[in-house]
Amino acid sequence: MDNQNSHTPKSIHGTWSSRWTFILAATGSAVGLGNIWKFPYIAGENGGGAFVLVYLLCIAIVGIPIMMAEVFLGRNARRNPVNAVEVFTRQSGASHNWRYIGVMGVIAGLLIMSFYSVVAGWALHYVFASISGTFTDISAAGSDAFFGGLLGDPKALLGWHSTFTLMTFIIVASGVSKGLGAVAKYMMPFLFLALAVLLVYGFLAGNFKAGVMFLFTPNFSALTGDSILIAMGHAFFTLSLGMGAIMAYGAYMPSSANIGKTILTVGILDTLVALVAGLAIFPIVFANPTIEVGAGPGLLFVSLPIAFGSMPLGLLIGTLFFALVAVAAWSSAVSLIEPAIAWLIENKGWKRIKAAGIVAGCCWLLGLLTVASFGPLAEFKPAWLLYFTPFDFFDFLTSQIMLPLGGVLIALLVAWKAPAALLQKEFGFKSQKTQTLLLFLLRFVSPTLVLLIMAIKLFETLSQLGA
Ligand code: PHE
């Protein structure tokens with residue numbers, strides 16, 4: 001398919017050199033801490049199989065269609081998310097107010113970045129711990145204590161949070177093709193390789209069968225309104241949806257690339273990485289009774305060092321692995337703040353370096369609240385933060401509220417308002433059936449599911465309050 005069109009405006013930020021660069025960059029955004037750190041631990045906390053099933057369903061029927069809608073808006077306008085939505089409202093006659101989806105997305109990106117960089121900082125710390133041999137022959141209890149020690153050390157957390165924020169700043173400040181494109185192209189393939197090595201280790205040395213059973217045997221009694229909402233929210237988080245990251249990347253996508261096929265590839269790659277991460281981690285968890293499946297955010301950081309500590313070449317592989325986790329987080333972080341930066345450049349006329357500096361600085365400041373959530377604010381769970389610590393609150397607010405809402409609004413806008421000619425131009429549908437299916441999913445299925453899931457959770461919370 002080739003829908004090269006001379007009317008398509010060029011992005012002032014540049015364009016990816018090819019469809020594959022887009023795939024790698026979008027996969028770089030999608031594959032991150034969400035897949036390797038968050039997915040295993042929330043699956044662990046929410047009973048495994050049934051949760052995983054809900055997550056996979058959400059990816060397939062809600063996430064991937066919305067991802068296509070986002071890329072559609074981005075590439076159609078070749079502008080930052082706020083302006084992309086605005087351009088579309090003009091083309092389609094929709095209300096100007098839809099552009100607030102873009103504004104909410106920009107804010108969500110900054111909120112996510114604030115805690116994302118703290119967690120990515122843990123991975124950086126682990127790179128150095130691993131290379132210095134800390135994990136050699138470490139026991140499960142020792143590994144647990146090591147992670148606890150890191151959380152209890154605000155100076156270390158702060159240092160790594162700052163380092164990671166600075167790394168992200170450097171890439172976004174260097175611009176789209178030099179900065180973002182390069183990271184994606186060279187780093188992503190290594191991550192896939194390292195995960196494959198861990199998978200083999202889990203198979204040979206861990207309790208692989210128990211891991212597989214946990215992830216893939218659905219026990220529906222473990223599902224609550226809460227866990228369904230977490231699974232759905234995670235589908236948005238892991239695909240970088242609902243906040244404009246993928247829309248911003250879509251703005252740099254070559255006109256000749258087919259949106260449908262390209263996004264399907266990204267969605268499948270992202271899901272595979274999450275499942276392989278789960279299959280690498282759970283066999284180790286089940287082989288070590290001292291590690292709890294529901295250990296929470298520390299699961300990855302407690303379980304894997306045990307594997308590295310006891311496997312041949314563990315020092316090397318462990319170091320490589322945590323470096324790759326940091327890189328995966330890095331290429332995602334870049335996309336978390338790119339919408340805000342592109343907006344400042346286009347609308348305020350700022351230089352890229354200034355925009356990147358201010359945005360990264362704000363996220364860094366906000367991140368102090370997450371750092372403090374593991375120290376002085378660990379018990380600070382006021383009612384107005386819904387009894388969460390600031391870290392948990394930002395996570396909840398973004399992945400379970402802002403991203404799904406943003407995503408649904410994007411779905412509704414595109415599916416109900418897009419002029420047929422525009423859809424045809426960007427998607428280049430070959431068959432009417434594909435178009436009908438996509439529009440049906442976007443118009444009815446995603447909004448119903450997302451709102452229903454939110455309603456179930458709200459109902460559950462209210463009835464608990466009443467009880
Ligand atoms: N998808 C990223 C991950 O899984 C996180 C992310 C969310 C990135 C939203 C950009 C936008 O780690």
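A salt bridge here is a side-chain nitrogen of Lys or Arg within 4 Å of a carboxyl oxygen of Asp or Glu. With that in hand, a search through the whole of this predicted model turns up 6 salt bridges. One of them joins the side chains of R75 and E426, with N and O 2.7 Å apart. In general, side chains of opposite charge can pair when their charged atoms come close.

Now to the ligand. There are 15 residues around the ligand, and A30, G34, Y116, F237 and S240 are the ones that come nearest. Several polar atoms line up with it. A backbone N or O atom of A30 is 2.9 Å from a ligand oxygen, and a polar side-chain atom of N35 lies 3.4 Å from an oxygen atom of the ligand. On the nitrogen side, an N or O atom in the S240 side chain is 3.0 Å from a ligand nitrogen. On its own the ligand has 330 Å² of accessible area, and the protein covers 100% of that. The space the ligand takes up is the largest cavity. Helices α1 (19-30), α2 (33-45), α10 and α14 (314-348) are the elements that each give two or more residues to the shell around the ligand.

Out on the surface, L53, L57 and F220 make up a nonpolar patch, together exposing about 290 Å² of accessible area. Of these residues, F220 lies in the loop that runs between α9 (208-216) and α10 (225-238).

Notes
Residues numbered from 1 in each chain as written. Predicted model: local features only at pLDDT ≥ 70, side-chain atom pairs only at ≥ 80, totals over all residues. Heavy atoms only, no water. Patch = residues over 30% accessible without salt bridge, like charges linked within 9 Å, V, L, I, M, F, W, Y side chains within 5 Å. Areas by Shrake-Rupley, 256 points an atom, 1.4 Å probe, with all protein chains shown as cover. Helix = DSSP H or I, 4+ residues; strand = E, 2+ residues; numbered from the N terminus. Near = heavy atom within 4 Å. Polar contact = N/O pair within 3.5 Å; in protein donor to acceptor, adjacent residues only side chain to side chain. 1 Å grid on protein atoms, 1.4 Å probe; cavity = no way out; pocket = protein on both sides within 12 Å on 5 of 7 lines; lining within 4 Å. Sits in = over half its atoms within 2 Å of the grid points.
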